[in-house]
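Reader: I am new to this structure. Could you walk me through parts of it?
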Protein chains: 2
Amino acid sequence: MLDAAPLSALRTLFGDRLSVSAAVLTEHAQSESLVSAGLPDAVVFPRTTDEVAALARWSTAHRVPLIGWGAGTSLEGHALAVAGGVVVDFREMAAVLEIRPEDRLVRVQPGLTREALNHELRTTGLMFPVDPGANASIGGMAATRASGTTAVRYGTMRDNVRGLEVVLTGGEVIRTGSGAPKSAAGYDLTALLVGSEGTLGLITELTLKLHGQPEAVMTAVAAFPSVAAAVDCVIATMQMGLTPARIEFLDVETVSACNAYSGLSLPPSPQLLVEFHGHPEALAEDVTRFRALAADHGAEGLDWAEKQEDRTRLWAARHAAYRAILASRPGAKAVVTDVCVPISALAQAVEETRADIAASGIPGPILGHVGDGNFHAILMVDPSRPDEAATAKTLAKRMAERSLRLGGTITGEHGVGFGKLGLMAAEHGAAWQVMGALKAALDPLNLMNPGKLVPGQA
Amino acid sequence: MLDAAPLSALRTLFGDRLSVSAAVLTEHAQSESLVSAGLPDAVVFPRTTDEVAALARWSTAHRVPLIGWGAGTSLEGHALAVAGGVVVDFREMAAVLEIRPEDRLVRVQPGLTREALNHELRTTGLMFPVDPGANASIGGMAATRASGTTAVRYGTMRDNVRGLEVVLTGGEVIRTGSGAPKSAAGYDLTALLVGSEGTLGLITELTLKLHGQPEAVMTAVAAFPSVAAAVDCVIATMQMGLTPARIEFLDVETVSACNAYSGLSLPPSPQLLVEFHGHPEALAEDVTRFRALAADHGAEGLDWAEKQEDRTRLWAARHAAYRAILASRPGAKAVVTDVCVPISALAQAVEETRADIAASGIPGPILGHVGDGNFHAILMVDPSRPDEAATAKTLAKRMAERSLRLGGTITGEHGVGFGKLGLMAAEHGAAWQVMGALKAALDPLNLMNPGKLVPGQA
């Protein structure tokens, strides 16, 4: 709860774009996962970088934390005010500032969603391909280093953010990156800030790389006799140097949930949903090669969806998989967790995880962006049974530890937030302390999203 | 000059792998450019990470700087001991530690050269494509965020280093990255360290991404009626979404020098040297499209070199361009400088630079990796005429300032070293102070390559 003087000063800055109403505070204490925290002290809705800078000066003067908020779709509690403070909701900074088709760049504000961006781009021949599933904000996607279905071909936010404008604690505004496609001029501050989860500053503007809309698209779905066969087909695909635009794995539980929820009639087997982008000649060859690989791995009914409506239906079902899975256990809440492993360890990681979940008694379908070794478990718990939530959290922890044993990472794309803070030491060792030193250098008063990502925050 | 006690302690650590001989010190005070500095106090040749860690402890105990040294091919004085200290020559840490073909990864020591690495990989079907021209060390390439001819398709060191082992000041050893293709687990320390030019620590091991050797390769050289026509053809190529593996520009002075030095008979016009990689079907389509674009821009004599020996001869000439240009003015030394601009500004940047050089009276051929907006000028000066060196430095400075005016960067790939230290404030503004704060956090005694990259070092 803010004291009268700081509250009054904040009201002078934001007027009716400051809220302390119970409804607004509660909305900004929600999370997509079981991770939860108390209410923030206030929520503000800035419209300009200058306002964010003034807010940062206010934060330093009054020692009040600031927590950035995009679309509220993160899965590890990134945007929750675990130490109180002011949530900075960027919904009123959601403009496309400049499209530069000749350089394949776009400059946007952080509150813009990826769907709104692609809607703006639809007539340019260009697109922003990073697709984490949810209609997340671009600022949030950068802050969490989001990726998703298309990262296997187009990269993650690490690869697609060219530059940032960032408000640091105390109100200094910096710009990182340049309009040039590459640079060797000093530390890569853009890369340091992408994935820093709001702990080093607040992103107020982003310059993004765009990609050409594909001339031709081929989507296929294929049923495999086993999880291992499907995963081995993915491994063979990547090792052959084929670059699908997406290659998604759905285990049999996910397939059943999607059939029921989205009216598909996929056979009840592990499936791969694959898409290739390119010019027609290259695509034909990719399709031929993938068909042969799939057949080698026992795939049946490899159907290529050449019509836009068929492709849309398949990908809509994939995007609805989370809701489909939740609907398969009415009333359930989900612990959604992800890991990412070396491709060579993918089959083992998926098989061991499936066995672990099966033995737990909790339903937990597995699906994922397997072309880059990244998969998810949706662990469904009855919210009235605390034992199930505890079991789910233990399963998620074992999944992360298994990933580390296999040479992987505790999270491929969901991030750390405070949900995975307890696993950072195991992944990084002494390097985690280095992260803490960098945080202390840029935010000595620990006002930027405290309680997250770095050591000493629990 | 080291005092007796620290020298003795250092000799205990390195025995006869410590040198203070004039010949060895002089060898490690050389640079490929006009940038120069005094002799280091000593040179050591470590064999293990433990030895480097012991060296870092020694450095802290005795307050003696450490400067990493790979192959000595950098162009901005990165590896020169401007504040004295010990040069750490990694030539005895040059092993390939592990090849993991199934994950397309390789683990190497920093002193390995890129040619030696590709020789080791030749039978695996894989390659490490980053090619800065010189046979640089992998550690030096990572430290300077090198790129080169193939970055337009395969990326720079930023994109191809998956993880690092780094010795920090004081001797702490950290590991960054993981075996997984992506991660959202905390700050991207790998990206922070790549391009940090030895100012944050010494790289003792690298895990690199590998790429498949191309199934088919097509190389062509095309003569254009003007610089603008050649550059506009590059812009059109990139905007169409064609992804050449390399697309190099040579101005008419460079062409003449290559003809004379490498026995080519290219017409005396601006040229593009282009290469496509892929499977044969995709390649045929790329070639067709590029042929049409080149014709649209007035190209003549577009010759596709399908035979390996013809391709090798062309690229050997390109790689020899620096020596060819130097040979065109006997006895000259060169200021080799690079900038990188947005593609949309490339024609203007090249034309204005050519005009500026032409007016200066100094010969300065221009060539470069124009697919990503990056080009070089080789400014040749008579070493007996200090006025020429001053003119060359002024031209290089104006080239960097022009790049900034056009939205670019002061260096696309050569880095900062101390040659471009004076331009960092102009490029980064307040963000340069942030780089200084990060440096101070990780190296408070300023023992890691002092005098380079960050503020307050001049």
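Predicted model: local features only at pLDDT ≥ 70, side-chain atom pairs only at ≥ 80, totals over all residues.

Reader: What span should helix H17 of chain A have?
Author: Helix H17(A) covers residues 430-442, and its 13 residues should span 18 Å at 1.5 Å a residue. Its end C-alpha atoms are 19 Å apart, which agrees.

Reader: Which residues of H17(A) are buried?
Author: They are A:Ala431, A:Trp432, A:Val434, A:Met435, A:Leu438, A:Lys439 and A:Leu442. Viewed down the helix axis, these buried residues fall within an arc of 155 degrees, so they line one face of H17(A).

Reader: And what covers them?
Author: The cover includes helix H16 (424-428) of chain A. From chain B, it includes strand E9 (173-176), helix H8 (189-193) and helix H17 (430-442).

Reader: Turning to the sheet, in what order do the seven strands of chain B lie?
Author: The order is E15-E12-E14-E13-E17-E18-E16 in an open sheet, with antiparallel pairing. Strands E15 (300-305) and E16 (333-340) of chain B are the edges, each pairing on one side only. From one strand to the next, the twist averages 15 degrees.

Reader: How many bridges join E13 to E14 in chain B?
Author: Five bridges join these antiparallel strands, E13 being residues 246-250 and E14 residues 271-278. B:Arg246, for instance, has B:Glu275 in E14(B) as its bridge partner.

Reader: Where does helix H10 of chain B lie?
Author: Helix H10(B), residues 252-262, lies across E13, E14 and strand E17 (366-369) of chain B, at about 95 degrees to E13(B). Helix H15(B), residues 386-405, also packs on the sheet, touching E16 and strand E18 (374-381) of chain B. The direction of H15(B) makes about 5 degrees with that of E16(B).

Technical notes. Residues numbered from 1 in each chain as written. Chains lettered and ligands numbered in written order. Helix = DSSP H or I, 4+ residues; strand = E, 2+ residues; numbered from the N terminus. Expected span 1.5 Å × (residues − 1). Buried ≥ 20, exposed ≤ 12 C-beta atoms within 10 Å, placed from the backbone. Arc of directions from axis to C-beta. Contact = placed C-beta atoms within 7 Å. Pairing = 2+ DSSP bridges. Axes fitted to C-alpha atoms, helices over the stretch in contact; angles between N-to-C directions.
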